[in-house]
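Please look over the sequence and the model before reading the points below.

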Amino acid sequence: MVVFSLTLAAVLAAMGCVPKARVRAMRHAVNPSASELSDAAFLLGRLLLFGAAGTGLYLSVQLMGATDRVDWDDAELTSAVGQAAAALDGSSRFGDIFGDDSGFDAKYATMLEDEVVEHGGADAPQSGVEAAPEAANQASDARYTVSASGASATMCVRVERTRSKDDDYEPPGVAGGPGAVTVPGYKFAVTSRPGEC
C-alpha cells in the first residue's frame with residue numbers, strides 16, 4: 001500500500017511537469033476540433049496535480065508510521081524484555097490463600113506480556129506480545145519464550161518465585177480484630193537472555 005501511494009504521488013508529480021505545448025499537441029491529436037485551453041486552466045491543473053502528489057506523499061509517510069506502530073522490530077523487543085525483566089526482578093505478589101498453584105503459567109505469561117508492552121516505548125505497538133511457557137514449568141521456576149508480531153528475535157525469560165513471609169497480608173477479621181486468613185506473599189527473581197528457552 002505504501003509503495004502504491006508513493007508511486008501514485010510520483011506519477012501525479014510527473015504529470016504536473018508536462019509542458020503546455022505537449023499537452024496541447026496530445027489533445028489536438030485525440031480531438032482536433034476541441035477548443036484551446038487557457039493558461040489559467042493549465043495553472044489550475046498543475047496546482048491540482050502537485051497538491052494531489054503532496055497529499056499522497058504525506059499519507060504514505062503517515063501510513064509508514066502506522067505500520068511501524070503495528071509491528072515490533074528486534075531491537076524494540078529485546079529492549080522491552082530486558083527492561084520488563086529488570087522491573088519484575090525483586091518484585092513481590094500475593095499468592096492463592098489455599099496454596100493452589102494451578103493456573104500459574106497463564107498468570108506469569110500475562111504478567112510478562114503486560115510488562116513488555118509497558119516497557120516497549122512510545123513507538124512500539126501496544127499488543128502482539130506472546131510469552132509461551134515451557135512444558136516442564138513449575139510455580140517456583142518457570143521459563144517463557146517471549147516473541148512479538150513483526151520481530152524475528154525471541155527472548156527467554158526465567159521467573160523464579162520464593163515464599164516471602166515478610167510480604168504476607170493478613171486482612172482484619174469481621175469484628176475488626178485479627179483475621180483468620182493469611183494471603184501468602186512471594187518474591188520474584190526474573191532474568192532474560194536472547195533466544196528461545
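This is a predicted model: local features need pLDDT of at least 70, side-chain atom pairs count only at pLDDT 80 or more; totals for chains, interfaces and linings use all residues.

Is Cys156 buried or exposed? Cys156 is buried, because its relative accessibility is 4% and the limit for that class is under 20%.

**Disulfide and cysteines**

- The model has one disulfide, which connects Cys156 with Cys197 at an S to S distance of 2.0 Å.
- The torsion about the S-S bond of Cys156 and Cys197 is about 110°, so this disulfide is right-handed.
- Cys156 belongs to strand S4 (residues 155-163), while Cys197 is in the segment after strand S5 (185-194), so the bond ties together parts that are 41 residues apart in sequence.
- Cys17 counts as exposed because its relative accessibility is 54%, where the class begins over 50%.

**Salt bridges**

- Side chains of opposite charge can pair when their charged atoms come close.
- The count of salt bridges in this model is six.
- Glu160 and Arg158 form one of them, with 3.4 Å from N to O.
- Glu160 is partly exposed at 29% relative accessibility, and Arg158 is also partly exposed, at 26%.
- Glu160 and Arg158 belong to a network of salt bridges that also includes Asp141 and Arg143.
- Another salt bridge brings together the side chains of Asp168 and Arg163, at 2.5 Å from N to O.
- Asp168 has a relative accessible area of 22% and is partly exposed; Arg163 is partly exposed as well, at 40%.
- Lys187 pairs with Asp167 in a salt bridge whose closest N and O atoms are 3.7 Å apart.
- This pair links distant parts of the chain, since Lys187 is in strand S5 and Asp167 is in the loop between S4 and S5, 20 residues apart.
- Lys187 itself is partly exposed, with 34% relative accessibility.

- Helix H5 covers residues 104-118, and its 15 residues should span 21 Å at 1.5 Å a residue.
- The end C-alpha atoms of H5 are 21 Å apart, which agrees with that expectation.
- Buried residues of H5 include Phe104, Tyr108, Met111, Leu112 and Glu115.
- The buried residues of H5 pack against helix H4 (74-88) and against the strands S1 (92-94), S2 (129-133), S3 (141-148), S4 and S5.
- Ala86 is part of helix H4 and is exposed, with a relative accessible area of 56%.
- Although 106 residues separate Ala86 from Ser192 in sequence, their C-alpha atoms are 8.7 Å apart in space.

**Nonpolar surface patch**

- A nonpolar patch on the surface is formed by Leu6, Leu57 and Val61, which together have about 240 Å² of accessible area.
- Leu6 sits in helix H1 (residues 2-16) and is partly exposed at 34% relative accessibility.
- Leu59 is located in helix H3 (residues 39-70) and is partly exposed, with a relative accessible area of 49%.
- Leu59 and Leu6 are 53 residues apart in sequence, and the distance between their C-alpha atoms is 9.0 Å.

Notes: Residues are numbered from 1 along each chain as its sequence is written. Side-chain values use heavy atoms; hydrogens and water are left out. Patches are made of residues with over 30% relative accessible area and no salt bridge: like charges are joined within 9 Å, nonpolar side chains (Val, Leu, Ile, Met, Phe, Trp, Tyr) within 5 Å. Accessible areas come from the Shrake-Rupley method with a 1.4 Å probe; for residues, only the protein chains shown count as cover. A salt bridge is a side-chain nitrogen of Lys or Arg within 4 Å of a carboxyl oxygen of Asp or Glu. Helices (H or I, at least four residues) and strands (E, at least two) are DSSP runs, numbered from the N terminus. Buried means under 20% relative accessible area, exposed over 50%, partly exposed in between (1.4 Å probe, protein chains only). A disulfide is a pair of cysteine sulfur atoms within 2.5 Å. The expected span of a helix is 1.5 Å times one less than its number of residues. Contact means heavy atoms within 4.5 Å.
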